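My notes are below the picture.

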Amino acid sequence: MVMTKKEYQPINCDDYDNLELACQHHLVLEIKLEDGEKLEAKACDLLLRKKVEYLIVEVDGQQRELRLDYIVYFSHPTIGKIEISLAD
C-alpha cells in the first residue's frame, strides 16, 4: 500500500534522537506505520533525500526505507515505546 502525503512533516527532535540512538546500536525495533502495518526491523541508518527523512531498516535480510512521518511509534525494551510526534 502506498501512502501519499503532499509534504513531508519533520518529526520531533527527541524522537529523531531516539531513532539515531537505535541506529547506532542496531536495535531491533517494533514499528507501527500509519497504514496499520507492524514490523520488527533492525534500525540501520537515517537518510535525508529531497528534504524527506527516512529510517533505513533491515527486515528479513532486505533493506527498507520508512518515511519518518509515516511511523506511528517504535519500541524497544531499552528505550521503551516512542510515539512519534511531528515538530511544531
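The entries go from the whole chain down to single residues.

**Ground rules.** This is a predicted model, so I kept to its cut-offs: local features need pLDDT of at least 70, side-chain atom pairs count only at pLDDT 80 or more, and totals for chains, interfaces and linings use all residues. Residues are numbered from 1 along each chain as its sequence is written, and side-chain values use heavy atoms, with hydrogens and water left out.

**Fold.** I found 1 helix and 6 strands in the protein chain. The order along the sequence is α-β-β-β-β-β-β. Helices (H or I, at least four residues) and strands (E, at least two) are DSSP runs, numbered from the N terminus.

**Size.** I checked the radius of gyration: the protein chain has 12 Å, which agrees with the value near 12 Å for a compact globule of 88 residues. That radius is taken over C-alpha atoms, and the globule rule is 2.2 Å times the number of residues to the power 0.38. The C-alpha atoms fill a box of roughly 30 × 25 × 25 Å along the principal axes.

**Burial and surface.** Buried residues are 41% of the 88. Buried means under 20% relative accessible area, exposed over 50%, and partly exposed in between (1.4 Å probe, protein chains only). The accessible surface is about 5600 Å², with 46% of it belonging to carbon and sulfur atoms. These areas come from the Shrake-Rupley method with a 1.4 Å probe; for residues, only the protein chains shown count as cover.

**Contacts.** I took contacts (heavy atoms within 4.5 Å) between residues at least 6 apart in sequence, and 49% of them join residues at least 24 apart.

**Charges.** I have 11 positive and 18 negative side chains, with the centres of the two sets 6 Å apart. Lys and Arg count as positive and Asp and Glu as negative, while His and the chain ends are not counted. Each charge is placed at NZ of Lys, CZ of Arg, CG of Asp or CD of Glu.

**Salt bridges.** How many salt bridges does the structure hold? It holds 4, where a salt bridge is a side-chain nitrogen of Lys or Arg within 4 Å of a carboxyl oxygen of Asp or Glu.

- Glu37 pairs with Arg64, the closest N and O atoms being 2.8 Å apart. Glu37 lies in the loop between strand 1 (28-33) and strand 2 (38-49) and Arg64 in strand 4 (residues 62-67), so the pair ties together parts 27 residues apart in sequence. Glu37 is partly exposed at 30% relative accessibility, and Arg64 is partly exposed at 30%.
- Glu65 pairs with Arg49, also with closest N and O atoms 2.8 Å apart. This pair links strand 4 (Glu65) to strand 2 (Arg49), 16 residues apart. I noted Glu65 as partly exposed at 40% and Arg49 as partly exposed at 35%.
- Asp69 and Arg67 meet in a salt bridge at 2.8 Å, N to O. Both Asp69 and Arg67 are buried.

**Leu39.** Is Leu39 buried or exposed? Leu39 sits in strand 2 and is buried at 8% relative accessibility. Beyond its neighbours within four places in sequence, its contacts include Leu29, Ile31, Val59 and Arg64.

**Ser75.** I found Ser75 in strand 5 (residues 71-76), buried at 15% relative accessibility. Not counting residues up to four places away, Ser75 touches Val28, Leu29, Glu30, Gly80 and Lys81.
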